Amino acid sequence: MTNPRLIVAIDTFDLKQANEILDQLNPDTCLVKIGSVIFNALGKKFLKHASSLGFRIFLDLKLHDIPNTVYQTIIGFNDCKVDMLTVHLSGGEKMLNKAMLAGKSINAKVIGVSILTSLEEEDSLALFDNKLEDQISYLFKIAAKANIDGIVCSPHELEIANRILGTHSIKVTPGIRDIKVEDDQERTMSAKEAIDRGSTFLVIGRPITQAEDIAKALENFNDIIYEK
Ligand code: C5P
């Protein structure tokens with residue numbers, strides 16, 4: 001598989017567990033997500049270890065700060081191989097412009113987080129006094145204006161994303177649940193449906209990392225995506 005579309009989120013602060021997960025993944029069939037849980041505990045050392053094994057890195061630090069701070073943070077990864085990194089779209093157009101500038105200089109794509117998949121309609125009304133779909137459209141328009149490389153959204157908003165950003169931009173969708181479970185994710189969808197609706201990459205954490213057989217769970221998701 002030359003272009004894997006699954007990003008496995010390694011959300012643990014425990015080095016032994018992180019390595020056990022990594023050992024069961026395959027760089028030909030997935031990328032790995034390094035987010036705040038693992039990065040704050042294990043830092044660049046783990047990131048570099050994962051890339052040395054051949055894994056492409058989705059650095060999901062969801063940066064949300066003033067333009068110069070975001071710029072410097074990204075430039076600080078110039079000694080790492082990062083495929084994609086995330087910033088919050090609500091950081092505004094000027095921040096996104098600086099993020100793109102920094103991303104280009106370290107050869108990483110900049111992906112803007114819209115509204116977390118753990119939030120639902122009532123959260124959007126409470127937080128923004130705006131309906132979720134309207135708030136998302138508003139954020140996508142800022143992303144389009146800043147011409148950033150892609151966005152993160154729930155699979156439910158892919159249609160709006162394709163309309164506002166075009167089909168060429170990268171769409172990363174977390175909130176993938178093939179079996180309905182009670183957890184912190186709200187706006188969920190199955191892997192197959194997300195791909196059919198135009199997702200470029202699926203971020204999947206617990207359904208793979210907490211499976212009894214991690215390698216098999218990864219293979220199963222890839223089979224679903226590639227309709228084997
Ligand atoms: O375990 P689970 O499949 O819920 O993991 C989803 C991953 O995607 C987590 O690492 C989470 O931080 C990330 N994510 C998300 N919603 C976003 C952006 C990223 O769930 N909007």
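Mentor: Contact means heavy atoms within 4.5 Å. The model here is predicted: local features need pLDDT of at least 70, side-chain atom pairs count only at pLDDT 80 or more, and totals for chains, interfaces and linings use all residues. Residues are numbered from 1 along each chain as its sequence is written, and side-chain values use heavy atoms, with hydrogens and water left out.

Trainee: Which residues does Asn162 touch, not counting residues up to four places away in sequence?

Mentor: Asn162 touches Thr167, Lys171, Arg197 and Gly198 on that count. Asn162 lies in helix H7; helices (H or I, at least four residues) and strands (E, at least two) are DSSP runs, numbered from the N terminus. In sequence, Asn162 and Arg197 are 35 residues apart, while their C-alpha atoms are 9.3 Å apart in space.

Trainee: With which side chain does the side chain of Asn162 make a polar contact?

Mentor: A polar contact is a pair of N or O atoms within 3.5 Å; within protein, one must be able to donate a hydrogen and the other to accept it, and residues adjacent in sequence count only if both atoms are side-chain atoms. For Asn162 the partner is the side chain of Lys171, at 3.0 Å.

Trainee: At what angle do helix H6 and helix H7 pack?

Mentor: Axes are lines fitted to C-alpha atoms, for helices over the stretch in contact, and angles run from 0 to 180 degrees between N-to-C directions. Helix H6 (residues 132-146) and helix H7 (residues 158-165) pack at about 35 degrees, and their axes are 9 Å apart. From H6, the contact is made by Glu133, Ser137, Phe140, Lys141, Ala143 and Ala144; from H7, by Ile160, Ala161, Ile164 and Leu165.

Trainee: Is Arg187 buried or exposed?

Mentor: Buried means under 20% relative accessible area, exposed over 50%, and partly exposed in between (1.4 Å probe, protein chains only). Arg187 has a relative accessible area of 9%, so this residue is buried. Its place is the loop between strand E7 (170-173) and helix H8 (191-196).

Trainee: Which backbone oxygens lie by polar atoms of the side chain of Arg187?

Mentor: The backbone oxygen of Leu116 is 2.7 Å from such an atom, and that of Ile115 is 3.1 Å from one. Leaving aside neighbours within four places in sequence, the contacts of Arg187 also include Leu132, His156 and Gly175.

Trainee: How many aromatic pairs does a search of the whole structure find?

Mentor: A pair of aromatic rings is described by the distance of the centres and the angle of the planes. Rings of Phe, Tyr and Trp (its six-membered ring) pair if their centres lie within 6.5 Å; planes under 30 degrees apart count as stacked, over 60 as edge-to-face and the rest as tilted. The search finds 1 pair. Phe39 and Phe77 have ring centres 5.6 Å apart and planes at 50 degrees, so the pair is tilted. The pair links distant parts of the chain, 38 residues apart: Phe39 is in helix H2 (residues 36-52), and Phe77 is in the loop between helix H3 (67-75) and strand E4 (84-88). Both Phe39 and Phe77 are buried.

Trainee: Which charged end sits over the ring of Phe77?

Mentor: A charge sits over a ring if NZ of Lys or CZ of Arg is within 6 Å of the ring centre and within 35 degrees of the ring normal. Over Phe77 it is the charged end of Lys44, 5.4 Å from the ring centre. Likewise, the charged end of Lys98 sits over the ring of Tyr71, 4.4 Å from its centre.
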